[in-house]
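Here's a quick briefing to read with the model open. Let's start with a pair of packed helices, then zoom out.

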Amino acid sequence: MKFSESFIFTARQDPKVAECRSHKLLLKGCFLFMVSSGIYSYLPLAWRVLDKINSIIRRNMNSCGAQELLMSALQPIEMWRKTGRDKDLAEVMFRFSDRKERELCLGPTHEEEITEIARRYLVSYKQLPCVLYQIQTKFRDEPRPRFGLMRSCEFIMKDAYSFDADEEGLDKNYEKMLYAYKKIFAECGLDFVMVEADSGAMGGSLSHEFMVPSGIGEDVLLKCGKCGKYYKDAGECPRCREKLTPEKNIEIGHIFKLGTKYSLAQQGLFLDETGERKPFIMGCYGIGVSRILSAIAEVSSDEKGIIWPRKVSPFDVSLIVLGEDLKEDAFRVEEELNSRGYSVLVDERNEAAGVKFNDAYLIGNPYILIMGKKYKESGKIDVEIRKDRKKLSFSKEEVISFIEDEYAG
RNA sequence: CGGGAGGUAGCGCAGUUUGGUCAGCGCGCAACGUUCGGGACGUUGAAGCCGCGGGUUCGAAUCCCGCCCUCCCGACCA
């Protein structure tokens, strides 16, 4: 893609509305458009990243045997009355009524709706286990949106729900999901920690949170200085007896063993082998998709901009062209890379070199190719690695295989 | 919802104390020329309900009253 034709319009100065690093960089780099407090539009750059995160999630969910669906965002309040959560979640629900006076809300979460779906179709033990998931926008009336995308009123979430005939089945699905989550976050390039957590308003017996230590965020965990383990609450490290120090974290995932809370309240019943009616044993598994984006921007960045991990970067490669007469050659390099499956952002704008370098750092693609004076003289293309700003120099053929090697590794 | 800070051109800001001389600066944008491996230079130009509504005054970005919006800290956080 040619930079001059792309919807990328970076800012030179830091935006005033942003205080934390990810918020600042995402606005400055033209990833996000702030509509209002806690409400954002994802611009093309961010959407490319989200698309990649979603692909990683889908691949890992599908390989667990989970099936994707998409539930409604509009939900009748009536559905929530069965579980009593119309009251528990009253504060966070965007509620209103339509012209027929039907009471509605914008879905803040979907346990009730998925249970309605499950009870309609899953009527026999033979249909279990069953795992369904969706990637969808959730709506929550936050009293205080914060840190840009970190806590917003509208956000993208992956939520999965498991239905089993017995506890053993739930344990199995829970383990599978836990394993998949580890793979997903690792693929997204995030260092995360896992802690046991409260089930809160979700209910149920066991839950784990996935956290990114970041120095900012809303969840404080206690870290053991000796073994490095994190705890939700404890006076001292149960293993080392070492003092614990509080550290801020970003929660990017949360999984719950729900048990029968919803199936009992909503008559989510099936017939077992003996012909007895039994409630589903349920689990639910959430990932804050848009929060992953901001978590990466928060922890994987420097003063110049974001440093996207390879698998989620908006483009695989930035290509800076310095010199009007080199454009055609640059487009040929782009084509070569495209044909091998790599996306390239070719900066062929008529801008000063410094502008192009700084924009490349801000946008944060993992590799920056430079075609300029050196290419004219010796046919060499410089490669700058965004992560550590290390510089290498290659011939045209070598560059292609270098990129291939990097992405293969 | 409590406490703090702020709202002036697309973005970042000065001006408000002491009302007039105030519609300003930088960046960006448009045009032309020179540049072209590290946020270039010159010339010219377009762009503003000074957050909104009342009030005081001969006169309000500036003073008074009310409201709205944004950020930060706290409460809240499925």
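Helix H2 (residues 44-63) packs with helix H6 (residues 167-187) at an angle of about 155°, their axes 10 Å apart. This is a predicted model, where local features need pLDDT of at least 70, side-chain atom pairs count only at pLDDT 80 or more, and totals for chains, interfaces and linings use all residues. Residues are numbered from 1 along each chain as its sequence is written, with chains lettered from A and ligands numbered from 1 in the order in which they are written.

**Helix pair**
- H2 and H6 are therefore roughly antiparallel (angle over 145 degrees, between N-to-C directions of lines fitted to C-alpha atoms over the stretch in contact).
- On the H2 side, the contact (C-beta atoms, placed from the backbone, within 7 Å) uses Ile-56, Ile-57, Asn-60 and Met-61.
- H6 brings Ala-180, Lys-183, Ile-184 and Glu-187 to that contact.
- Helices here are DSSP runs (H or I, at least four residues), numbered from the N terminus.

**Domains**
- Chain A splits into domain 1 (3-302) and domain 2 (315-408), with bounds from an automatic or database domain assignment.
- Their C-alpha centres sit 37 Å apart, and eight residues of domain 1 are in contact with eight of domain 2.

- Beyond its neighbours within four places in sequence, Leu-369 is in contact with residues including Val-317, Leu-319, Ile-381 and Val-399.

Note on methods
Two residues are in contact if their C-beta atoms, placed from the backbone, lie within 7 Å. Axes are lines fitted to C-alpha atoms, for helices over the stretch in contact, and angles run from 0 to 180 degrees between N-to-C directions. Helices (H or I, at least four residues) and strands (E, at least two) are DSSP runs, numbered from the N terminus. Angles under 35 degrees count as roughly parallel, over 145 as roughly antiparallel, 65 to 115 as roughly perpendicular and the rest as oblique.
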